[in-house]
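Biologist: I am new to this structure and would like a close look at one part of it. Could you take me through the sheet and whatever packs against it?

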Amino acid sequence: MPLSHRPTLTQYLIEQRRRFPGASGELNALILDVALAAKAIARAVKLGELGSAAPAAPAAVNVQGEEQKPLDVLANEVFLRRNEGSGTLAGMASEEMEAPYPIPDSQPRGKYLLLFDPLDGSSNIDVNVSVGSIFSILRAPQDVVDSGRAPVEADFLQPGAAQVAAGYALYGPTTMLVLSVGHGTVGFTLHPDLGEFMLTHPDLQVPADTREFAINASNSRFWEPPIKRYVDECLAGASGARGKDFNMRWIASLVAETHRILMRGGVFMYPRDNRPSPQTAARQPSPPEGVGPLGGGPARPQEPTNPGRLRLLYEANPVGFLIEQAGGRASTGLQPVLGVRPTALHQRIGLVFGSRHEVERIEQYHRDPSEAEPANPLFAERSLFRA
């Protein structure tokens, strides 16, 4: 398509707004502010060490117990500064900050909440692998809007199905913004000369079937039986129960993994497991009596000690929203991830998403854990991925 025929992000949002004649335009303005933050972060990432004006300060540790890189801090600051004065937000929450960020009293407040991971995959920056920013937009509770009070943690604890919009920016060979406002998933590419996001992928669709999966095999000794079974069957290839060969991928950057799946299909797994995780366990609130740690019904015996690695509000929910809007499926392995009711701002969770038929297969294995695994002497007890 010629450049002159490609809508800009602004034009696309105006067209979407026409679906709702009574809309105020606040959501459009908020998304454009997020896009501007992404442009600023993309420039900083592109410069890398060339953008460092001074020697790096000693590494800090964020609320997640993870080492903060200078670009983590910069990206978080960019998101806060670019969005706090827009008048569209009641408050923000960041993966890098323990508590919600209130809009300063000197600034007008709006009706939305913005949650974000300012720089996902930052551990890959030193080796020049694609990283990104992930964001989720919720409506603030009506009493927050009516009273003008600063939102508290409980106001952000909404299930992923309540998201108004979600997306990510990918900082790779090109800078892209992938977005859903609830009517499909679309992709924009930043034109380096015009400085505009141009619509390049108007209808992203995740194929229902795939021959590609992504998982961190170094954790295989801690996996639950349903995950072990699924991976073993994939590794067995054409001679195994699946009757076809699979490729395995692992980038260790959620944005890059999500982007690959949106572009060509696949399934991504970062499941809950039995790794010792004292820090994570200490941060997880005790579930109500009779409720499992994922908020999905009665507690199961011998629950894994590690409820998951990915953050529900900043990572799993927005990614799940994008994937499902593109025809894929996102799950905890036990239930749809968008149906999980959050219990804490920095709650972690297991996540499986991608091509629908593969995710449904993994869910089936979790529902029927007692079902005997198909015999395969090469990839059964002696498999490389068995504990």
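Modeller: What follows starts with the whole chain and then turns to the sheet. This is a predicted model, and its protein chain holds 10 helices and 17 strands. Of the 387 residues in the chain, 54% count as buried, while the chain exposes about 17200 Å², with carbon and sulfur atoms supplying 53% of that area. Among contacts in the chain with a separation of 6 or more, 69% are between residues 24 or more positions apart.

The part you ask about is an open sheet of eight strands with mixed pairing, and its strands follow the order β4-β3-β5-β6-β7-β8-β9-β10. At its edges lie β4, residues 101-102, and β10, residues 197-201, each of which pairs on one side only. Strand β9, residues 186-190, runs antiparallel to β10 and is joined to β10 by four bridges; in one of the pairings between residues, G187 has H201 of β10 as its bridge partner.

Two helices that pack on this sheet can be followed from here. Helix α2, residues 26-47, touches β3 (89-94), β5 (112-120), β6 (131-139), β7 (165-171), β8 (175-180), β9 and β10, and its direction makes about 15° with that of β5. Helix α3, residues 70-83, also packs on the sheet, where α3 touches β3, β4, β5 and β6, and the direction of α3 makes about 155° with that of β5.

Methods
Residues numbered from 1 in each chain as written. Predicted model: local features only at pLDDT ≥ 70, side-chain atom pairs only at ≥ 80, totals over all residues. Heavy atoms only, no water. Buried < 20%, exposed > 50% of the residue type's maximum accessible area, 1.4 Å probe, protein only. Contact = heavy atoms within 4.5 Å. Areas by Shrake-Rupley, 256 points an atom, 1.4 Å probe, with all protein chains shown as cover. Pairing = 2+ DSSP bridges. Axes fitted to C-alpha atoms, helices over the stretch in contact; angles between N-to-C directions.
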